[in-house]
Amino acid sequence: MRRAIKVWGAIMKDGTSITEDTDNVVSVTCHPDRSVTTTDQNNEQKIWEGEWISYNPRYN
């Protein structure tokens, strides 16, 4: 992966699942450094701890 991409959801290394159904999450972004950020309804971003191991892309 060369750039951050918007995804439907991500699975973290610890088994946590982050999706657009997670508390007030509007957008999920996976980054090349294996971090995940989410944006909520107030347009505030949150950086999640850990690394993603898998994601479900918006466009196949």
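Modeller: V36 stands opposite W48 in β5. Keep in mind that this is a predicted model.

Biologist: What makes β4 and β5 a pair?

Modeller: Two strands pair if there are at least two bridges between them. Strand β4 (residues 36-40) and strand β5 (residues 45-48) have four bridges. So they count as paired, by that rule. The sense is antiparallel.

Biologist: How many residues lie between β4 and β5 in the hairpin?

Modeller: Four residues lie between them. N43 is in that turn.

Biologist: Why does N43 count as exposed?

Modeller: Exposed means over 50% relative accessible area. N43 has 64% relative accessibility, so it counts as exposed.

Biologist: Now A10. Why does A10 count as buried?

Modeller: Buried means under 20% relative accessible area. A10 has 1% relative accessibility, so it is buried. A10 lies in strand β1 (residues 5-12).

Biologist: Which residues does A10 touch, leaving out those up to four places away in sequence?

Modeller: A touch needs heavy atoms within 4.5 Å. On that test A10 touches T16, S17, I18, C30, V36, W52, S54 and Y55. V36 is the residue opposite W48.

Biologist: How far is the C-alpha atom of A10 from that of E51?

Modeller: They are separated by 9.6 Å. Along the chain, A10 and E51 are 41 residues apart.

Biologist: How do you know that the protein chain agrees with a compact globule?

Modeller: With 60 residues, such a globule would have a radius of gyration near 10 Å. The protein chain has 10 Å, so the two agree. The C-alpha atoms fill a box of roughly 30 × 25 × 20 Å along the principal axes.

Biologist: What share of the residues of the protein chain counts as buried?

Modeller: Of the 60 residues, 28% do. The accessible surface comes to about 4400 Å². Carbon and sulfur atoms hold 44% of that surface.

Biologist: Which elements does the protein chain have, helices or strands?

Modeller: Zero helices and six strands. From the N terminus on, the order is β-β-β-β-β-β.

Biologist: How far apart are the mean positions of the positive and negative charges?

Modeller: They are 11 Å apart, for 7 positive and 9 negative charges.

Definitions and conventions
Residues numbered from 1 in each chain as written. Predicted model: local features only at pLDDT ≥ 70, side-chain atom pairs only at ≥ 80, totals over all residues. Heavy atoms only, no water. Helix = DSSP H or I, 4+ residues; strand = E, 2+ residues; numbered from the N terminus. Rg over C-alpha atoms; globule rule 2.2 N^0.38 Å. Buried < 20%, exposed > 50% of the residue type's maximum accessible area, 1.4 Å probe, protein only. Areas by Shrake-Rupley, 256 points an atom, 1.4 Å probe, with all protein chains shown as cover. Lys, Arg positive; Asp, Glu negative; His and termini not counted. Charge placed at Lys NZ, Arg CZ, Asp CG, Glu CD.
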